[in-house]
Amino acid sequence: MKIAIFQADTIWGDPAANLKHLDEKLATLPECGLLVLPEMFTTGFATDPEGIAEKGDLGLSWMKKTAAAHGCCVIGSIATELPGGVFRNRMYFVTPEGETRYYDKRHLFAAERHKYSAGDERVIVEVEGVRIMMQVCYDLRFPCFSRNRLVDGRPEYDMLVYVASWPQQRSAAWKALLRARAIENQCWLAGVNRCGNDPGNGYTGDSVVLDPWGADVAACEPGVEEWAVADIDMSVLENFRSGFPVLEDADR
């Protein structure tokens, strides 16, 4: 499975402008099975969601249109307002056929927890035989929630995907924790962070695809809005797991 990650420079609080910008960039999208965009890619990381969060389906409709046009699945999170004034940081997964699943961010960061409601379910989707667990930003700091469990003797997933708005001042933690999650869960991993600035922070991105040993297989240049593309080879993962079955010794 070929994955494309896009380290976007998100325009603050302007969904229409962000989607227009992404359409322009997607003109050069490499052929892939999965495209991953950062956290809250339509607005930036909006901890005060009133008036910014999506009430309708502008961003989700765009994801469906994009998936169909490019023949790939698309992942990214959107600040979403549900009926009754409930806000979710919702990570969508959309197929080229328009099928949709979502994961609501479990671990809400700082001021985010005052306005958003947390999800409580792990969500695993599949692209071309690669089973993917979806996670958002601050979830990265909580390894128990993302633990790759054995079910009927087989690991639950093959890849972790983290979308994020992770600020520059904590970039060392971002890079270290991504590698830890790949190594301890014996899986492929994609960490897709934004670059640029919003009213509160600067972002270097440091977006990367890691192999099950925690080594880079593709990476975006820090601070630069650009693509990175990687091949996810399941035979590599299966050979590694069978020859070094770490997950069989994991604590239950």
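How are α1 and α2 oriented to each other? In this predicted model, the two helices pack at an angle of about 10 degrees, with their axes 11 Å apart. Since angles under 35 degrees count as roughly parallel, α1 and α2 are therefore roughly parallel to each other. On the side of α1 the contact is made by Pro15, Leu19, Leu22 and Asp23, and on the side of α2 by Leu58, Gly59, Trp62 and Lys65. Sorted by class, the contact of α1 with α2 comprises 5 nonpolar, 1 polar and 2 charged residues.

Helix α2 itself runs through residues 58-70, and its 13 residues reach 18 Å from the first C-alpha to the last, which is close to the 18 Å expected at 1.5 Å a residue. Within this helix, Gly59, Leu60, Trp62, Met63, Thr66 and Ala67 are buried. Seen down the axis of α2, these buried residues fall within an arc of 155 degrees, so they line one face of the helix. After α2 comes Gly71, which has a positive phi, near 65 degrees.

With a relative accessible area of 1%, Ala79 is buried. Leaving aside residues up to four places away in sequence, Ala79 touches Met40, Thr43, Ala53, Glu54, Arg88 and Tyr116. Of these contacts, Thr43 is 36 residues from Ala79 in sequence, yet the two are 7.5 Å apart in space, C-alpha to C-alpha.

Most residues other than glycine have a negative phi, and most peptide bonds are trans. Glu128, although it is not a glycine, has a positive phi of about 50 degrees, and its place is in the loop between β6 (124-127) and β7 (130-136). Asp206 is another residue other than glycine with a positive phi, in this case near 55 degrees, and it is placed in the loop between β13 (202-204) and β14 (208-210). Is each of these two residues buried or exposed? Glu128 is exposed, with a relative accessible area of 59%, whereas Asp206, at 9% relative accessibility, counts as buried.

The loop between β13 and β14 also holds Ser207, which counts as buried at 1% relative accessibility. Not counting residues up to four places away in sequence, Ser207 touches Ile5, Gln7, Gly191, Val192, Asn193, Ala219 and Cys220.

Technical notes. Residues numbered from 1 in each chain as written. Predicted model: local features only at pLDDT ≥ 70, side-chain atom pairs only at ≥ 80, totals over all residues. Heavy atoms only, no water. Helix = DSSP H or I, 4+ residues; strand = E, 2+ residues; numbered from the N terminus. Expected span 1.5 Å × (residues − 1). Buried < 20%, exposed > 50% of the residue type's maximum accessible area, 1.4 Å probe, protein only. Arc of directions from axis to C-beta. Axes fitted to C-alpha atoms, helices over the stretch in contact; angles between N-to-C directions. Parallel < 35°, antiparallel > 145°, perpendicular 65-115°, else oblique. Contact = heavy atoms within 4.5 Å. Nonpolar A, V, L, I, M, F, W, Y, C, P; charged D, E, K, R; others polar.
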